[in-house]
Each structure stands twice: as C-alpha cells, then as structure tokens.
Amino acid sequence: MAELHQERPVFHSEADLQHSFARALWRLAPTIESRLEVSQHVPDTPHREHLDLLCIGPSARTAIEFKYFKARWAGTVGPLKEEYVLTSHAATDLGRLGFVSDIARLERFADRPGHNGLALLVTNERSLWMVPPPHTNQKTRDHDFRIHEGRTLAGELRWADGNYKRNARTLRGNYHLSWQPYSEQEGRRGEFRYLAVFTKSGSLDQEQGTSVRR
C-alpha cells in the first residue's frame, strides 16, 4: 500500500483500484502471476463467484477482494496532477455487508492447502472507521457488521437482529480490525484510510495487518 500510495493517492473507481494494485504488485514481485476476475465454482451450489484478483506464487495462491467505498470529494492530485471527482455511495450499511461478505468468501477460498486471502477496503467515508456513538433506542440493522477501529468480527453476524436471514454471514475466524492511513488530501472527506483483513484455513486472529494462527 505504501508503494501504491506514491503513484495513486486516490482512485476513480473500484476497477481502477484493482488495476493499480495489480500493477504495483508486478513492480514489487514480478515473479508473482496475477489474474483479474477469476471464476470460482461454489461447492454444493450451481452458482459461480468471481475473485477480483488471484495471485499465483511458487508455493501458494492468494485471492484478493477489493472494496472502494467513496464519499463525495473532488481534487487534483498525484504525479500526473490528475483530476478526480468522486460521488458518494451513501449506503454505508451495504458497504459493511459487502466487505464482511468478502471475508466470508475468502474463508471458503482459503480452506485449501496453500491458499489464503486478503479483503481490502479503501475509503474516505469516516463513518466506516469511526467508533459509533452509543445507541439509546434500537440497534441499526447492520449493527453486527460494523467495521470501525478496534472492532472484532467473529461468528454468526445477523442482519436486522436476524429478521433478514439472506444477509446473515458466519465467519470461522476472529478478525481484530485496525485501520491504516492511506492518503491525506485537501478539503472535506479528503482523508483516505484502508482496512486489510487476511484469511487462512482454520481459525485465526487478524490484527494490524498480521495473521496469527490460534
């Protein structure tokens, strides 16, 4: 991410983030093969999923899922003095659901020898990393899916207290979330941070970008 920041402090879109990450990976580790949008069969279902990026090394394979959640911001930055006009995604609850769903998908991918995963979220939406104020009335429907600084994701996560089972997710690992700075730009919503969650087969802890087998 430090390498990527030097050239691309901001991205136009999620696809732009994916492509730029793959280019940075090639510069840093040219022996690692990378493939975008790789189709994967889901066992026991007729459905197929697509991995955003598959990295193939001599002894292991890493699947990477990207999320780029934008808040409204505009500016001219980077070595090329590139103009960016970001529109807002607005629905932060669905952004959290999407990121947790990526972790669950990567756990399935990593449940094979020599396979692991990385869920990566880049955003300038502060409400994703800020600890929410205590609620005095009722919980929000995405309460279990909160991904703010210091949160631990684990076990069964229910959407709207279990009233919408389609959005429920179950995680095998325990993931301690630690947000990292990515870039600081002028203007409101000019602070960008990223969250990286690593998955391996079996039960694991994740904290500050490091996975530790329990």
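Trainee: Is Ala160 buried, partly exposed or exposed?
Mentor: Ala160 has a relative accessible area of 22%, so it counts as partly exposed. Keep in mind that this is a predicted model.

Trainee: Where is Ala160 in the chain?
Mentor: In the loop between E7 and E8.

Trainee: And what about the phi of Ala160?
Mentor: The phi is positive, about 55°, although Ala160 is not a glycine. Most residues other than glycine have a negative phi.

Trainee: What does Arg189 have for phi?
Mentor: A positive value of about 65°, and Arg189 is not a glycine either. Arg189 sits in the loop between E9 and E10. With a relative accessible area of 22%, Arg189 is partly exposed.

Trainee: Back to the E7 to E8 loop. Where does Asn167 sit, and is Asn167 buried or exposed?
Mentor: Asn167 is in that loop between E7 and E8. Its relative accessible area is 12%, so Asn167 is buried, the cut-off being under 20%.

Trainee: Which residues does Asn167 touch?
Mentor: Leaving out residues up to four places away in sequence, Asn167 touches Leu97, Phe145 and Trp159.

Trainee: How are the rings of Phe145 and Trp159 arranged?
Mentor: First, the general idea: a pair of aromatic rings is described by the distance of the centres and the angle of the planes. By the pairing rule, the count here comes to 7 aromatic pairs. In one of them, Phe11 and Tyr182, the ring centres are 5.9 Å apart and the planes are at 25°, so that pair is stacked. Phe145 and Trp159 are edge-to-face, with 5.4 Å centre to centre and 70° between the planes.

Trainee: What does the pair of Phe145 and Trp159 tie together?
Mentor: Phe145 is in the loop between H4 and E7, and Trp159 is in the loop between E7 and E8, so the pair ties together parts 14 residues apart in sequence. Phe145 is buried at 0% relative accessibility, and Trp159 is buried at 2%.

Trainee: Are Phe11 and Tyr182 buried or exposed?
Mentor: Both are buried. Phe11 lies in the loop between helix H1 (2-7) and helix H2 (14-28), while Tyr182 lies in strand E9 (residues 180-184), so this pair ties together parts 171 residues apart in sequence. Phe11 and Tyr182 also belong to one aromatic cluster with Tyr68 and Tyr194.

Trainee: Changing topic. How many residues are in the largest nonpolar core?
Mentor: It has 27 residues, and Ile147 and Leu153 have the most contacts inside it. H3 gives the largest share of this core, 7 residues. A second, separate core has 24 residues, including Ala22, Leu120, Tyr182 and Phe192.

Trainee: What is Ile147 in contact with?
Mentor: Setting aside neighbours within four places in sequence, its contacts include Phe99, Leu121, Leu153 and Trp179.

Trainee: How many residues of H3 are buried?
Mentor: 17 of its 19 residues are buried, so H3 is largely enclosed by the rest of the structure. H3 reaches 27 Å from its first C-alpha to its last, close to the 27 Å expected.

Terms used
Residues are numbered from 1 along each chain as its sequence is written. This is a predicted model: local features need pLDDT of at least 70, side-chain atom pairs count only at pLDDT 80 or more; totals for chains, interfaces and linings use all residues. Side-chain values use heavy atoms; hydrogens and water are left out. A nonpolar core is a set of buried Ala, Val, Leu, Ile, Met, Phe, Trp, Tyr and Cys residues joined through side-chain atoms within 4.5 Å. Buried means under 20% relative accessible area, exposed over 50%, partly exposed in between (1.4 Å probe, protein chains only). Helices (H or I, at least four residues) and strands (E, at least two) are DSSP runs, numbered from the N terminus. Contact means heavy atoms within 4.5 Å. The expected span of a helix is 1.5 Å times one less than its number of residues. Rings of Phe, Tyr and Trp (its six-membered ring) pair if their centres lie within 6.5 Å; planes under 30 degrees apart count as stacked, over 60 as edge-to-face and the rest as tilted.
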